[in-house]
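Let's take a walk through this structure together, from its sheets to its helices and cores.

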Amino acid sequence: MRVTFLGTGSAMPTGKRVQSGLLLEDDGKTLLVDCGSGVLHRLAATPTGYEGVDTVLLTHHHTDHVSDLVPLLKARWLAGEESLTVAGPPGTTELVEGLLDVHDYLKGRVDLTTRDIEGEFSVAGFDVASMETRHSMRCFAYRIDDFAYSGDSEAFDDLAAFADGTEVFVHDCSFPDEVDVSNHPTPRALGAALAGNDYGTVYLTHRYPHTDGREDEMLASIREHYDGAVELAREGDTVEF
């Protein structure tokens, strides 16, 4: 499997990181997980391009995870692609229908499929397990074989155990330790949750501007509790495993 980090930022732009998005590829299968602002631009810079991705899996419906959905649909239509599937937590179909009510000239331009999912399911040829996270709206973490992605979430033991044994675990780490925050983890909380589990590498994503210049400090804080490999997710980087 190959994972490309498209967007590792948050709802507060920095000029360095765009919003949430990951590209998964495996044996000819492709899946875009989340589609925040700027992700379409990053996707266009990959060899796969937006022409090569006909399925989006959403973790939840906050704007920094969905705002490039309509631009993706339009780009695929203009490129002559004929289909797009958008899957995600319950309410995804309603979300997409609402977006197309605003941008009604895009209705019928491609063969659009929407799916409200939960539990275990298959999408774009990938078998996926999901679990609900701790966030300010309903949000799912996903596991696909040796890959797991937290979506947006506080750090907690059940989520860490859900991803135990994966080669790549991409986890929200939005703020440094001194920020009093709910719905997202700090490094100390994340390290404590990861402790006792085994991952190939944990990659930190969804970083707010508050983390800039604090990266080494954040990594050190996690390593006080968790002694496995931890790295920052960097946009454009690809991990193969």
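When two helices are said to pack at an angle, each axis is a line fitted to C-alpha atoms over the stretch in contact, and the angle runs from 0 to 180 degrees between N-to-C directions. Please keep in mind that this is a predicted model.

Helix H6 (residues 187-194) and helix H7 pack at an angle of about 35°, and their axes are 7 Å apart. The crossing of H6 and H7 is right-handed. From H6, the residues Pro 187, Arg 188, Leu 190, Gly 191 and Leu 194 take part, and they meet Met 218, Ser 221 and Ile 222 of H7. On the way into H6, in the loop between S11 and H6, sits Asn 183. Asn 183 has a positive phi of about 75° although it is not a glycine. With a relative accessible area of 21%, Asn 183 is partly exposed.

Val 170 stands opposite Tyr 203 in S12.

There is another sheet to visit. It is also open and has seven strands with mixed pairing, here in the order S6-S5-S4-S3-S2-S1-S14. Its edge strands are S6 and S14 (238-240), each of which pairs on one side only. The twist in this sheet averages 20° from one strand to the next. S2 and S3 pair in the antiparallel sense over five bridges, and the bridge partner of Asp 26 is Lys 29 in S3. The loop between S2 and S3 holds Asp 27, which has a positive phi of about 55° although it is not a glycine. Is Asp 27 buried or exposed? At 76% relative accessibility, it counts as exposed.

H3 lies across S3, S4 (55-57), S5 and S6, and runs at about 160° to S5. H4 touches S5 and S6, its direction making about 145° with that of S6.

Which of its residues are buried? They include Thr 92, Leu 95, Val 96 and Leu 100. Seen down the axis of H4, the buried residues fall within an arc of 130°, so they line one face of the helix. The face turned away from that buried side carries the exposed residues Glu 94, Asp 101 and Val 102. As for packing partners, the buried residues of H4 pack against H2 (63-66), H3 (69-78), S5 (83-88) and S6 (111-116).

Thr 114 lies in S6 and, at 27% relative accessibility, counts as partly exposed. Leaving aside neighbours within four places in sequence, Thr 114 is in contact with Val 86, Thr 93 and Val 96. Thr 114 and Val 96 are 18 residues apart in sequence and 7.6 Å apart in space, C-alpha to C-alpha.

Finally, turn to the nonpolar interior. In soluble globular proteins, nonpolar side chains tend to be buried together. The largest nonpolar core here has 24 residues, of which Phe 5, Leu 24, Leu 31, Leu 57 and Phe 147 touch the most other members. Strands that each supply at least two residues of this core include S1 (2-7), S2 (21-26), S3 (29-33), S8 (126-132) and S10 (147-149). S9 gives the most, with three residues. Apart from this core lies another, of 23 residues, among them Leu 69, Val 70, Leu 95 and Leu 106. Leu 95 is also one of the buried residues of H4.

How values were computed: Residues are numbered from 1 along each chain as its sequence is written. This is a predicted model: local features need pLDDT of at least 70, side-chain atom pairs count only at pLDDT 80 or more; totals for chains, interfaces and linings use all residues. Side-chain values use heavy atoms; hydrogens and water are left out. Two strands pair if DSSP finds at least two bridges between them. Helices (H or I, at least four residues) and strands (E, at least two) are DSSP runs, numbered from the N terminus. Buried means under 20% relative accessible area, exposed over 50%, partly exposed in between (1.4 Å probe, protein chains only). The arc is that of the directions from the helix axis to the C-beta atoms. Contact means heavy atoms within 4.5 Å. A nonpolar core is a set of buried Ala, Val, Leu, Ile, Met, Phe, Trp, Tyr and Cys residues joined through side-chain atoms within 4.5 Å. A crossing is left-handed if the near helix is turned anticlockwise from the far one by less than a right angle, and right-handed if clockwise.
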